[in-house]
Amino acid sequence: MRSTVFLRAATIAGVVLLNAALTPAFADTVVVSADRMVDVLTGRVVDHPQITITDGRIAAIGQSAAIPPGARHVDLKGMTLLPGLIDMHTHLTSDPHFSGYRRLQFTDNFWTVVGVANAQKTLEAGFTTVRNVGSANYDDVAIKQAIEQGIVTGPRIVPATYAIGATGGHCDATELPPSVTVSRPAVANGPEEIRATVRKLRKYGAEVIKFCGTGGVLSKTDTVGGQQYDLAEMKALVDEAHMLGLRVAVHAHGTSGIKDAIRAGVDTIEHASLADEEAFTLAKQHGTWFSMDIYNDDYIMAEGEKNGVYKESLEKERVIGLKQRQTFQAAVKAGVKMVFGTDAGVYPNGYNARQFVTMVKWGMTPMQAIQAATANAAEALGRQADVGAIAVGRYGDLIAVTGDPLADVARLQSVAFVMKGGEIVKAAAN
């Protein structure tokens with residue numbers, strides 16, 4: 001009797017499993033239509049687009065087709081669709097209102113909470129993917145994991161964890177006396193120590209490696225242009241990262257540091273403020289991308305002193321801000337490949353789109369600026385199969401704005417609709 005019951009139960013279970021295998025899984029489908037769509041791959045505008053997204057990825061792109069049975073329909077009348085935007089240089093766990101020594105009033109994990117709030121602001125501003133190029137305590141990995149588990153809301157994050165730097169350099173703590181010890185797990189000197197640090201950061205979740213090749217603005221004691229790793233150190237870092245399948249971003253304002261970083265094989269130059277014609281030529285020869293944060297000078301000079309920015313940093317910004325914009329203009333004219341990177345965290349996260357107007361003012365067309373934050377950024381990340389365009393197979397990451405952002409790129413500062421992976425994050429007002 002007992003064996004008969006077990007046999008019957010096993011038979012029923014087998015039938016259930018067989019039916020489950022033969023029955024197709026329910027496919028969640030949503031169709032998004034709008035007045036226009038910016039096709040960043042062709043540089044064209046498409047009228048009356050209809051985007052079909054199934055299980056989070058784009059399944060079809062058409063115009064005025066029948067809505068599939070059972071599909072949800074989102075009709076964005078009067079709006080222009082664009083791919084979800086990508087910011088290649090963010091610091092989600094920073095808040096510029098607490099700059100300089102003001103940061104010291106908070107416990108270490110305060111910045112994790114700041115990062116959670118900033119992740120949501122960034123996504124709601126239309127940035128569905130970010131590259132976070134520097135964060136303490138592996139906070140960017142933690143926030144990425146929480147987003148992927150559906151615990152908090154935010155963009156797709158490509159984390160760098162700690163930024164690697166030399167002792168006493170821009171990525172070290174130089175604002176405190178010797179009696180105060182500050183943990184800097186990614187301070188490394190010499191090729192072998194640098195290689196070991198790359199391995200450690202990858203072990204704990206880094207998907208891109210960021211290092212400081214020259215001095216910076218917001219560090220208190222160094223010079224902006226001074227080189228802080230030599231070519232051999234840079235090459236060791238880049239070779240190790242590339243061997244491990246990671247791309248490399250370098251913080252580099254100074255001319256010699258920029259050129260040595262390009263020779264070492266880095267993938268993106270962050271800031272690139274003092275790049276010269278030789279640097280432009282090298283970048284084009286090596287396929288190196290420039291990521292230039294040319295808006296934040298406005299914010300630093302207007303709000304920095306009030307926010308506690310070191311006076312030494314304000315003096316450096318007065319020197320470097322205009323020069324960086326002039327370099328950006330020259331680099332665009334020279335045909336250097338560009339991605340969109342804001343250094344959000346130096347100014348408030350969520351304000352990322354303010355940079356589009358500045359990029360257009362200093363030499364880009366609106367389409368070029370949008371492509372820098374979409375197709376170009378996806379290519380620089382090596383993630384063209386997933387993000388950066390409205391194209392079949394890529395994630396259903398869409399944003400919409402009223403009117404035409406190619407006529408007025410400032411419209412990207414007021415994103416009305418955000419979808420990530422086929423799920424509505426921010427619904428358009430009726």
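Predicted model: local features only at pLDDT ≥ 70, side-chain atom pairs only at ≥ 80, totals over all residues.
Residues are numbered from 1 along each chain as its sequence is written, and side-chain values use heavy atoms, with hydrogens and water left out.

One disulfide is counted, a disulfide being a pair of cysteine sulfur atoms within 2.5 Å. The link joins Cys171 and Cys212, whose sulfur atoms are 1.9 Å apart, and it is right-handed, with 45° about the S-S bond. Cys171 lies in the loop between β8 (156–159) and α4 (191–203), whereas Cys212 belongs to strand β9 (residues 208–212), so the pair ties together parts that are 41 residues apart in sequence. Helices (H or I, at least four residues) and strands (E, at least two) are DSSP runs, numbered from the N terminus. Cys171 is buried, with a relative accessible area of 13%, and Cys212 also counts as buried, at 1% relative accessibility; here buried means under 20% relative accessible area, exposed over 50% and partly exposed in between (1.4 Å probe, protein chains only).

Three strands form an open sheet with parallel pairing, in the order β6-β7-β8, where two strands pair if DSSP finds at least two bridges between them. The edge strands are β6 (85–90) and β8, each of which pairs on one side only, and the twist averages 15° from one strand to the next. Four bridges join β6 to strand β7 (residues 127–132) in the parallel sense, and Asp87 stands opposite Val130 in β7. Helix α3 (residues 139–148) lies across β7 and β8 and runs at about 155° to β8; axes are lines fitted to C-alpha atoms, for helices over the stretch in contact, and angles run from 0 to 180 degrees between N-to-C directions.

In helix α7 (residues 277–286), the buried residues include Ala279, Phe280, Leu282 and Ala283. These four cover an arc of only 165° around the axis, which puts them on the same side of α7, the arc being that of the directions from the helix axis to the C-beta atoms. On the other side of α7, Glu277 and Gln285 are exposed. The buried residues of α7 pack against α6 (255–264), β12 (289–291) and α9 (311–334), with contact meaning heavy atoms within 4.5 Å. Just after α7, Gly287 takes a positive phi of about 75°.
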